Amino acid sequence: MNLFHAEDPLLQVHNVTRYYGDRIGCSEVSFDLWPGEVLAIVGESGSGKTTLLNCLSTRLAPTAGAIEYRMRDGAMRNLYQLTEAERRLLMRTDWGFVHQNAADGLRMNVSAGANVGERLMAVGARHYGNIRSTADDWLGRVEIDNERIDDDPRSFSGGMRQRLQIARNLVTQPRLVFMDEPTGGLDVSVQARLLDLLRRLVADLGLSVVIVTHDLAVARLLSHRIMVMRHGNVIEAGLTDQVLDDPREPYTQLLVSSILQV
Amino acid sequence: MTDTAQIPDSVHEQGEYNFAYLDEQTKRMIRRAILKGIAIPGYQVPFASREMPMPYGWGTGGVQVTAAILGKSDCLKMIDQGSDDTTNAVSLRGFFEKTAGVRTTCETAEATIIQTRHRIPEKTLREDQILVFQVPIPEPLRYLEPRETETRKMHALEDYGLMHVKLYEDIAKNGHIATTYAYPVKVNDRYVMDPSPTPKFDNPKIDRMAALQLYGAGREKRIYAIPPYTKVKSLDFEDYPFEIQQFDKPCGLCGAENVYLDEVILDDKGGRMFVCSDSDYCEERRADGHLGPMAADPAAARVGNTKTGETVR
């Protein structure tokens with residue numbers, strides 16, 4: 001599927017624990033993520049999903065545990081032993097992070113083209129024409145009208161902002177993308193279109209994704225595997241279809257049964 | 001050249017200032033910051049900026065730097081927008097005349113220390129001269145990244161992609177790099193620095209300049225420096241290289257070309273002319289017999305007359 005044999009995991013998480021003082025953010029979470037795999041983390045608000053995602057993406061240091069990542073040279077590295085410079089390079093080349101609120105992930109006061117081009121310029125692209133044509137290409141891939149390339153994201157709708165954020169993250173061809181409720185706050189039809197787009201991009205690019213969502217439908221559509229969290233613990237994990245069709249834990253059963261049927 | 005005996009009596013009556021206003025401990029602290037700045041070209045050294053008897057924005061940073069390096073034998077030139085006779089230059093020159101009693105001059109070649117607000121003199125500076133800049137905002141990344149903690153980290157990690165985002169925006173919105181002053185430069189292939197607020201016309205002069213350049217930002221409490229003959233490159237794109245401003249007319253008074261010009265309004269009937277922003281350079285050229293197309297105009301001649309004190313206010 002990728003540079004590596006499918007038996008080599010891309011990300012290995014060992015007993016990641018995060019305390020906020022006496023309170024538990026997430027506790028003893030372990031899993032492996034393989035190249036090209038989409039993992040959904042579901043659970044209600046306050047269950048530790050976002051804490052876990054922030055720990056994984058080096059935005060929040062865990063209290064205990066280790067996270068290893070297979071770098072492009074094939075070596076496994078402990079993320080919290082990387083230097084700040086290595087970590088930043090990783091975050092802007094090999095990784096992506098899609099925020100729930102697009103404004104957190106975009107530069108709202110520079111044009112869409114500059115937003116997409118920023119990562120390229122950060123890794124040394126110095127040819128305006130090339131940067132612009134790459135940005136142009138990526139706007140097309142996320143279905144944003146090319147005429148909007150010089151417009152600020154402020155003038156974009158919520159769905160467009162979210163797609164722009166995705167383009168901005170994918171422009172350096174990352175291998176691992178973290179997503180925090182990427183469809184939150186969007187109306188249903190826009191959500192459906194975004195999910196469709198995400199599914200296509202993930203499949204085309206062979207991305208590995210860790211996606212946090214409270215929306216089981218999103219998990220069902222996008223993910224191969226699912227982890228259900230409650231009170232900071234992973235209470236159930238498995239193939240998405242298996243867990244959602246035949247939940248074992250009472251809490252998962254409750255979650256699945258609380259989906260509104262129209 | 002001068003000692004305290006030449007300080008006017010009025011000063012003595014009010015009690016004496018220490019030489020160049022600041023106390024010796026403060027000057028020593030500032031000199032340490034300057035030395036560190038010279039050792040790390042382009043790096044912004046924090047320093048304990050003092051309250052000065054003038055408002056922020058008037059050059060409190062530059063004044064402190066000048067006070068710290070000034071000796072009794074120095075000859076000081078003060079310029080503001082290239083000119084020796086504007087309010088800021090006159091006031092700061094007066095400040096040092098009063099508190100240090102040093103010799104002052106309007107002639108670039110004669111000065112050993114030149115404190116400037118925007119311009120670098122047209123005349124090439126020498127190794128025995130020091131150019132002191134008054135800097136309002138030392139952080140080139142400030143408008144792109146408001147967090148000081150983050151910009152410091154970006155400097156430490158040479159994380160300068162954001163600077164090009166700004167230039168990209170310029171080209172996308174205007175078709176060319178529209179930044180005309182405070183144009184970011186990379187010093188000695190390492191630190192991105194803001195030569196603010198000089199026009200980008202002067203950026204090529206910063207590169208490998210023979211004179212020592214010291215930058216002081218009083219409100220922001222930063223000092224940085226470019227040692228003599230240091231490589232300074234203006235940031236640009238491969239397909240949009242750095243360019244300086246071009247003027248289609250020569251100076252109206254002295255006929256100089258390839259110098260930075262200011263537009264001066266002569267009357268309320270639309271009369272105007274472009275003259276050298278470096279007033280000393282312009283006067284010297286006229287004294288050498290160079291005349292521009294407007295030199296005969298009486299209104300224009302009045303503008304150019306600065307040394308005699310008959311300035312336009």
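**Entry 1: the interface**

How many residues of chain B are in contact with chain A? I counted 20 residues of chain B in contact with 22 residues of chain A; contact means heavy atoms within 4.5 Å. This is a predicted model, where local features need pLDDT of at least 70, side-chain atom pairs count only at pLDDT 80 or more, and totals for chains, interfaces and linings use all residues. Residues are numbered from 1 along each chain as written, chains are lettered from A in the order written, and side-chain values use heavy atoms, without hydrogens and water.

I looked up the buried area next. Chain B and chain A bury about 1900 Å² between them, 58% of it on carbon and sulfur atoms. Buried area is the accessible area (1.4 Å probe) that two parts lose on being put together, summed over both. B:Leu157, B:Val165 and B:Tyr168 supply 30% of the area that chain B buries against chain A, more than any other three residues.

**Entry 2: charges across the interface**

I found five salt bridges between chain B and chain A. The rule asks for a side-chain nitrogen of Lys or Arg within 4 Å of a carboxyl oxygen of Asp or Glu. One of them joins A:Arg88 to B:Glu150, with the closest N and O atoms 3.1 Å apart. Helices H5 (148-156) and H6 of chain B each supply at least two residues of the side that touches chain A. H6(B) gives the largest share of that side, nine residues. Helices here are DSSP runs (H or I, at least four residues), and strands are runs of E (at least two), numbered from the N terminus.

**Entry 3: the cores**

Which residues touch the most other members of the largest nonpolar core? I noted A:Val116, A:Leu164, A:Ile166, A:Ile211, B:Tyr168 and B:Phe237, out of 67 residues. Such a core is a set of buried Ala, Val, Leu, Ile, Met, Phe, Trp, Tyr and Cys residues joined through side-chain atoms within 4.5 Å. Buried means under 20% relative accessible area, exposed over 50%, partly exposed in between (1.4 Å probe, protein chains only). H6(B), residues 161-174, gives this core its largest share, seven residues. A second, separate core has 30 residues, including B:Ile30 and B:Val132.

**Entry 4: strand E4(B)**

I followed strand E4 (residues 113-116) of chain B. B:Ile113 and B:Gln115 point one way, B:Ile114 and B:Thr116 the other, and all are buried. E4(B) pairs in the parallel sense with strand E2 (residues 75-79) of chain B over four bridges; pairing needs at least two DSSP bridges. B:Ile79 stands opposite B:Thr116. Four bridges also join E4(B) to strand E5 (residues 130-134) of chain B, again parallel. There, B:Val132 is the bridge partner of B:Gln115.
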